[in-house]
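This report describes a few features of one protein model for a reader who has not seen it before. Please look over the sequence and the structure first.

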Amino acid sequence: WNMCQRVHKYGMWCDADCQALDTFRVDEWSRSDVFLLVIMCVFMGAMMLLVFAKRVKAYERAAMWGDEPGAPNPGLPPCAMLMLFAIVFTIIVVLAALK
């Protein structure tokens, strides 16, 4: 029994014996999978809203100090952070739709 030969053989095509071995291959999402994905997305969205609110407050405080020497750098702007989150969230939704 050679692992490399098996990987090469079943990597090219999968016959009935190969498919019988693969018990974890399911092309359907169960209700619990969808429920878990929705809960995770809601949690991620809520956490991002908290981070966004803190980032907006930090930018407002930084705007008060203006160009004074030694003023802290507020970092990534809130809109850029929200856009990055939206891109990642969209990728997750697209990949979930593709299964």
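In which helix is Ile91 found? Ile91 lies in helix α4. The model is predicted, so local features need pLDDT of at least 70 and side-chain atom pairs count only at pLDDT 80 or more, while totals for chains, interfaces and linings use all residues. Residues are numbered from 1 along each chain as its sequence is written, and side-chain values use heavy atoms, leaving out hydrogens and water.

Helices here are DSSP runs (H or I, at least four residues), numbered from the N terminus. Helix α3 covers residues 31-65, 35 residues in total. From first to last C-alpha it reaches 52 Å, close to the 51 Å expected at 1.5 Å a residue; the expected span is 1.5 Å times one less than the number of residues.

Buried means under 20% relative accessible area, exposed over 50%, and partly exposed in between (1.4 Å probe, protein chains only). In α3, Cys41, Met48 and Ala62 are buried, and the cover over the buried residues of this helix includes α4 (78-98). Val51 is also found in α3.

| Residue | Relative accessible area | Class |
|---|---|---|
| Cys41 | 16% | buried |
| Val51 | 39% | partly exposed |
| Ile91 | 47% | partly exposed |
| Cys79 | 59% | exposed |

A search of the whole structure finds zero disulfides, a disulfide being a pair of cysteine sulfur atoms within 2.5 Å.

Key
Helix = DSSP H or I, 4+ residues; strand = E, 2+ residues; numbered from the N terminus. Contact = heavy atoms within 4.5 Å.
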